[in-house]
Amino acid sequence: MFESETATPRQWVLELESEYRFEVEAGSSCAITLVKGRAEVFGAELVEGKPYVFGSECKAAIFTWLGCTIEMTLRKLHGSPVPEGEPEGSTEPPRVLILGPENSGKTTVCKILVNYAVRSGQGWAPMLVNVDPSEGGWAVPGALSAAAISGPIATCSTANPLGSAATSAPTTLASNALLPFAYWYGHDDTKKNSLLMDRLIRNLGMHIDDRLGNDPEGRTAGVIVDTPSSFASGPGATTEHRQKLIKACIDAFQINVILVVGHEKLNVEMQRAYGSRLTVVKIPKSGGVVELDRSYRERVHNYQVHNYFYGEVIAPPPGVKSATQGGETLTDLNLAPSSTAVNFSDLKIYRIGAETMAPSSALPIGAARVVSEMQPVAVDPSQPGSGLLNAILAILAPFHTDERERYDEEILDLNVIGFVVVTNLDIAHKKMTILSPTQGSLVGRTALIGSLEWQE
Amino acid sequence: MSLYQNYYAQPSYGSQTYTQPPPVANGYHHPLTPPQAAYSVDPATFRRDFSARLSQLTVNSRPIIQGLSMYAHDYVRFAEIVAQCLEAHIRAVPPWVKLPSFYLLDMISKNIFEPYARLFSTFVIPLFLETYQQVDEATRSKMVELVLTWRTGSPTGKELFGVPAQVQIERSIWGETSSSSASSHPSSGFIAKAQVLSELEFTLGQKERAVQANPSDATSQNHVHVLQQLRRLIEAGVSQDELKQILSQLRTLMRSNPPSTASQPPQVSNTPVPSQWPSQPYTAPQSYPQTPSYPYAAYPSSKTENTVSSSSASVPPPSVATVPAGGFADLLSSLVKSGVLSNTGTPLGAGATAKEDTLHSINEEQEASRTYRSFVLRHPIQLSTAGITRGRPPIAETLYDHLTSQCKQCGIRFSDSVTGKKVMEEHLDMHFKQNMKANLNVGRGHSRSWYTGIDDWVHDTVDRKGKGRADGSRPLSGKAAAAADAAKRDAELRAQFVVVPPGDEAKPISCPICKETLKSEFLEDDEEWVWRNAVKKDERIYHATCRAEALTNTLASRLLNTGRSRSVTPETQVLPSKKASPSPESLVGVKRKAEDIDSTLSQLEGTPPSKKLAIAS
Ligand SMILES: [Zn+2]
Ligand SMILES: [Zn+2]
C-alpha cells in the first residue's frame, strides 16, 4: 500500500482541525516533517522543520488545530476531523476509565488525554494506568502497570506505544524515562485467570492511592485507565467476568468518569450500572481506526519485548537527515541486555494457578490434581515440559523483610522489577541461559512464569 | 550559568566593547550537526588543524577559546592529540600569552571533563608551576584564582585534576607547610596569611559578582560586607587559630556555592538552539595584553548567580554535608558578638533568603495557575456525550497562546513568565547535557533499568516544576523510616575503606563480586591512599556494599523457607527521596552498576539526581 522506500517527499496542506492518518509497513520506516503551522501526533506536539521517523508498523495520525503543511513519504489514507475533548471534572480531579471494543482507539484516547494534561503547563503529571495485559504498557505484554507521565508521550513506533521505562541511554523526553510500577499477570487474555486480574488491579489501585496520598499535586492531575477490549464485550457467558473486572477498576482507581469509546450497548450498560454515582460519557469511535488482525498483534508483542531488551532506533528513510524519534535525538538509543548462564537452583520459579501445568510432578506432594487459580506452583526446570524454554519470566521484588509481615499468598502481591527470557535450557548440567535487561546476578531471586514466550 | 560568566564577567579595565560578532580568526563556526555524522578526519589532519587553530590563541578571546573548546568536544576521540598540542603550545608561547591557553585548558577540563581532565592532569602540575614562575604578579593572581576554581571544578564538585595535583600546586604556591585545599577543614599545619587572603579575595570576587548580577541579593551583599571587614582584620594580623577558623569558613562558603560548570547552557553546545546564540557583545583587549586583563569581559551575565545561589540553598552539594549549615553566618555572628566585627551588616542566614525566594516563586505559580483555571472555567463544557461533541472550547488558544515558547528540539512548550523562562532554561540545559552525554558515551552500551520498588515508587512524587519535594516536611512512614535506616547502613558500608599497600596505588583491583575496579582515593588527613567502600576478607578486597548484599542474598535464600527475617535487603537500601536511583530493588552487583550510572550522570551534569528528574519534564 506504499510507494517504495525511495518515494520522494510530498507536501500536504492540512485544513484546520483535520488529521492525516498513516501506517508504516513492516520492515520500513517513514519520516514526516512539519513544514509550517502547528501539528501533533496523538497530543504530542511536533517541532517545525524536524523529520519525525516512524517505524515498527506504527499506525498514527498527524492532527492540526490551526492548519499546517506537512511533508511526507507516505500515502494518505483519509483525513477527517476527530472530535477531542478533555473531560473537565467540576471540582474533583478526573479519574477516567476508558472502555471500548477492540480497535476502537482506547489507547489513543488515553494518550491524547494524558498529553493534553501535561501540555497545560500546569506541572501536572497524570497517572496513566494500563490494565490491558495484551498491551503491556511500559513492561512487556502480560504485565499490568502504572506510571506518572510528566511530559508528552510521543508516538513513533508500536514498540513503545506509551513511552518508555527508564534506561541508562541519554534520552531527553520525560516520557522515555518513566518509572513504572508493574505486576505480572502473565497472559494476554484477561479470562485466563480473572481472579488474579482482579487482585492485581486492586493492588495497583492501592499503591496508586498511597502515592497520590503523598502527593496532592499528583492527585490533581488525575488518573487515566486504559482497559482491555474484553472488558467491553464478549460472549454472554463472559458478562459476569468482565463486569467484575470493571467493578474492580472502578473501586481500585476511584473512577469518577467512564469514557465509552464508540459502543452504544456498553454505554447503556454502564449508564445503568453506574450512571447514578459517576459520569458516563460515550465518545465516538475514531473513524480512522484500522482493524488489526491476530498476526499483527503478535508482531507488535514481538516488537515490544525486543524493545524492552534492546531499545529501538528507527532507521530513517534514505535521504532523510538529522531525523528525530518523537523528539528524541537519534543517538545511541540501542540497549545492550546481558545473557548469562545460571544454575537451576539460583532462581525460584513459580507459576500461578494450575490451569496450564502439565506434569503431575509439578504438583506439591499430596496435592490434588486440580490446584486453585491462585496457588503458586513451583516450576522445576529439570523436568521436561516445564515450559521454561523461551518463556518470559517476571523477576519479583523481594519478599517482605519483616517475617511478621509475611503471609502465604505474598508472592501474588509482589511487584515486578524486570523481565528476563530463558533462551537455553541445559538439563544435563542444570543450567539455563537467561537474557536479562541489565547485568547483575539473579541469585536468590523469585520469578514468575506465565503463558507468554519470546524468541529473538 | 557558567563559571566563566560568574568568574570572569567582571568589568574589564582598559578595554572596549564591540557589538559586532567576534572576529574569530579563521572563521570557525559551531557545527550544528553532530560531528560524527559529518566527515571523518584522520589523526594527522586533526593534529594539523587543531595546532593551526591553537596558534591563533595569542589573545584573551572568549570566542577563540570557546571555539577551540568546542572543537575539542567534537573530536573527543582525538583527546590525546588535543592534550599533546595544548601542552606543546603552552610551553612554546611567550609567558604573557600563556594565560589564555590555561583558560582553554580550564574550559575543556571543566566542560568536557572526561577524558580531558585526566589527560591534562599528567602535565598540568609542572606546566602550571613553570608558568607561574615566569609571569608577572597580575597574571599570577589570575592563575591563583584559576587554581581555586579547580578545587571544585570537577562535575561532582571535586578537585578538577585530582587531590594530589591540587595539593601539589597549592603547596607550591603557598609553601610546603600551607594548608592544602582538599578538605574543607584545614589540617593542623601552619596556615599562611597569604593563602587565606588569596582565598578570601577569591570568595569576595564571587560574592561581588553575585551582587552585580543581582543587586537585590541581600545575602551576597552581606557576605561582601563581612568579607571586606575580615580582610582588614587579617591584614591587621590574627592568630593562627583564627586564621584556621576563617579559612575553614571560607571554604564552606566557597563549596556551598560551587561554580556550576557542568550546568553550562548551550555555549559549547552543538545543540541546535539558535535562540541561544545571539551575537555577543565582545570585549577585546586594546592591544596585545602585556598584562592580561580580565578575560572574556562583558560577556553578558544574566541572573545566573541568582540561580546558583538559590539552587545551592535548596540542593546543597554533598561536600557541604559535613559542615553545619549556616556555619559561615555562625562564625560571623560570633565575630560580631565578640566585637571583632562591627554589626552594620547583620548576617542573614542564607536559609532565610532562600525561603523568601521560594515563597515568591510559589506565589507566582499560584497566580499563574489561578489565571489558567479561570480561563478554562470561562468555557463551561458539559461533561456528557452531547456536551463534548458540541462544545467548541478554545483549545488552540490554551495550547499555544498560553505557552508561547517552544523547545525546538522536542516540542515542549513553556510560558513566558519568569518561572516559565527559568523552567525552559533548565530544560534546554538538560538537552545540552544529554547531547553531551550522548556524544561522550557513544558505544558505551546502555541498558534498561530495573523498575523501582514499592516504597520508592510510592514516594517518587517529584514536583514537576522543579522545586523538588519538600523533604523532611512529610512524616516518615514506617517503611520510609526503615529505608532511612537501611540508607544509613549503606552509607556506613560506603565509608569503610582499606588502605592501599604502598606501591600498589596504580594497580587496578577489581571487586570479585561485581568485577568492577575499586576506586582509590587520597585521604588528606591521614595522607594515604585508600580504597573506598571496601572490605578485606581472606586476602581479597571486595566492595563493602557488594559483599553485604551478597551475604544478605545467600542468607535470604537460605532463610526463605526457615522463617527468619533478613537484616538488610536491597529493597530498603535506598532512601525514598533518592529518586533517580534506577533500581532500588536491584540485584547483587546491579546496584553498584546503577549507582555508577548515577554518578556518571551527576558528574556530567553537576546536579543531584533529584534536580535532573525535576527538570526532565
Ligand atoms: Zn526540549
Ligand atoms: Zn563490587
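Predicted model: local features only at pLDDT ≥ 70, side-chain atom pairs only at ≥ 80, totals over all residues.
How much space lies in the second largest cavity?

Residues are numbered from 1 along each chain as its sequence is written, chains are lettered from A and ligands numbered from 1 in the order in which they are written, and side-chain values use heavy atoms, with hydrogens and water left out.

**Chains A and B**

Select chain A, which has six helices and 24 strands; helices (H or I, at least four residues) and strands (E, at least two) are DSSP runs numbered from the N terminus. Of its 456 residues, 61% count as buried, where buried means under 20% relative accessible area, exposed over 50%, and partly exposed in between, with a 1.4 Å probe and protein chains only. Chain B contains 23 helices and nine strands, and 53% of its 617 residues are buried.

**The second largest cavity**

Next, display N160(A), S164(A), N176(A), Q325(A) and L333(A), which lie nearest the centre of the second largest cavity among its 19 lining residues. About 240 Å³ of space lies there. On a 1 Å grid over the protein atoms alone, a cavity is a set of points where a 1.4 Å probe fits but cannot get out, and lining residues have an atom within 4 Å of a point. Grid points are joined across faces, edges and corners, and the volume is the space filled by probe spheres set on the points. The lining divides into six nonpolar, ten polar and three charged residues. Here Ala, Val, Leu, Ile, Met, Phe, Trp, Tyr, Cys and Pro count as nonpolar, Asp, Glu, Lys and Arg as charged, and the others, Gly among them, as polar.

**Annotated positions in chain A**

An unreviewed UniProt entry lists "binding site" positions that include N103(A) and K106(A); such annotations may be inferred rather than shown by experiment. N103(A) lies in the loop between β9 (95-99) and α1 (106-118) and is buried because its relative accessibility is 10%. Move on to K106(A), in helix α1 of chain A, which is buried at 8%.

Then select F42(A), in the loop between β4 (40-41) and β5 (44-45) of chain A. F42(A) has a positive phi of about 45° although it is not a glycine, and at 13% relative accessible area it is buried.

**Stops in chain B**

In chain B, go to the loop between α5 (98-111) and α6 (116-120), which holds P115(B). A cis peptide bond, with omega about -5°, joins E114(B) to P115(B). The loop between α5 and α6 also holds F113(B), whose phi is positive at about 60° although it is not a glycine.

Finish at helix α10 (residues 193-213), where E199(B) is found. E199(B) is buried at 0% relative accessibility. The C-alpha atoms of E199(B) and R251(B) are separated by 8.2 Å, although the two are 52 residues apart along the chain. Of the 21 residues of α10(B), 15 are buried, so the helix is largely enclosed by the rest of the structure.

Note on methods:
1 Å grid on protein atoms, 1.4 Å probe; cavity = no way out; pocket = protein on both sides within 12 Å on 5 of 7 lines; lining within 4 Å.
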